[in-house]
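Have the sequence and the 3D view ready as you read.

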Amino acid sequence: MKKSDFFKKLKRQLPLQLMVLPGIIFMIVFSYLPIYGLSIAFKSFSVTDTISSASWVGLENFRIALDDKFFWNAVVNTLGISFLKLAIGFTTPIILAILIYELRDGWFKRVIQTVSYLPHFLSWIVLGGMLVNWFSTSGLINTLLINLGLIDTAKNFLIEPDKYWLIAVLSDVWKEAGWGTIIYLATM
Amino acid sequence: MRNIIALMFILAVGGLLNSNLDQTLVLMNPLNSAKAEVINSYVYKVDLAQGDFSYATAVGLGISIISLGLVLITNKLTKKLNDRSVF
């Protein structure tokens with residue numbers, strides 16, 4: 001492309017280009033400039049240093065991570081929860097979308113869709129508070145299970161490490177499954 | 001439909017190492033933290049609670065690079081199997 005063509009095109013698209021500009025500035029300020037801050041990963045940085053005055057230590061910080069058992073514990077938990085979320089949380093919206101698609105248009109279909117994606121609009125802070133309450137010894141789940149005769153004594157499910165992965169995965173699926181169906185319903 | 005499923009799958013695999021920090025911080029307590037601590041919350045803890053900024057940045061950067069690798073690998077795989085990809 002010749003240089004004059006470029007400027008002719010730019011002039012013709014000027015209103016559109018101006019509309020893109022704020023987005024580009026936002027990206028540069030909040031995504032590209034902070035890349036410079038990543039250099040403290042290779043430095044020994046403390047609160048009294050600036051990013052440029054901290055001394056270089058090379059890959060020392062990465063070497064510490066490889067020997068850190070708390071880090072590997074976090075990796076195992078992350079992968080475990082993520083793979084469960086992928087297995088359950090990825091397939092549920094597809095199945096739900098097919099089920100909703102097969103319903104006759106009417107109030108039932110609309111109610112199901114609305115109810116299934118409503119939890120998405122609650123933040124985790126609100127939803128987490130509800131879950132902590134529900135799983136407590138005098139909460140919804142325990143009351144229900146005791147009255148159904150399924151368990152004898154109330155227990156707090158959230159203080160049992162073994163149940164945490166399941167609670168995390170299922171509550172996430174409950175929150176996001178309905179929202180996820182929208183994109184699949186749109187393609188059918 | 002197959003297009004969208006492939007696209008969503010590639011994006012989901014890219015998020016494998018990113019767990020939900022909000023959810024973890026709300027549901028985690030000292031008794032279940034051994035199973036609840038994920039990379040995001042560990043970086044948060046080391047960074048802001050212990051003040052070890054360099055180490056936390058190193059962990060975060062390493063995880064980001066591995067995530068990028070995961071996206072590229074899945075993208076290549078779906079391209080091969082399905083002839084469909086994000087890029």
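## A helix and an interface

At the start of α4(A), a side-chain oxygen of D68(A) comes to within 3.0 Å of the backbone nitrogen of F70(A). Helices (H or I, at least four residues) and strands (E, at least two) are DSSP runs, numbered from the N terminus.

This is a predicted model, where local features need pLDDT of at least 70, side-chain atom pairs count only at pLDDT 80 or more, and totals for chains, interfaces and linings use all residues. Residues are numbered from 1 along each chain as its sequence is written, chains are lettered from A and ligands numbered from 1 in the order in which they are written, and side-chain values use heavy atoms, leaving out hydrogens and water.

Now to the meeting of the chains. Chain A and chain B bury about 3,700 Å² between them, 73% of it on carbon and sulfur atoms; buried area is the accessible area (1.4 Å probe) that two parts lose on being put together, summed over both. On the side of chain A that touches chain B, α4(A) gives the most, with 15 residues.

| Chain | Residues in the contact (heavy atoms within 4.5 Å) |
|---|---|
| chain A | 49 residues |
| chain B | 36 residues |

How many salt bridges (a side-chain nitrogen of Lys or Arg within 4 Å of a carboxyl oxygen of Asp or Glu) does the rule find across the interface of chain A and chain B? The rule finds zero salt bridges there.

Methods
A polar contact is a pair of N or O atoms within 3.5 Å; within protein, one must be able to donate a hydrogen and the other to accept it, and residues adjacent in sequence count only if both atoms are side-chain atoms.
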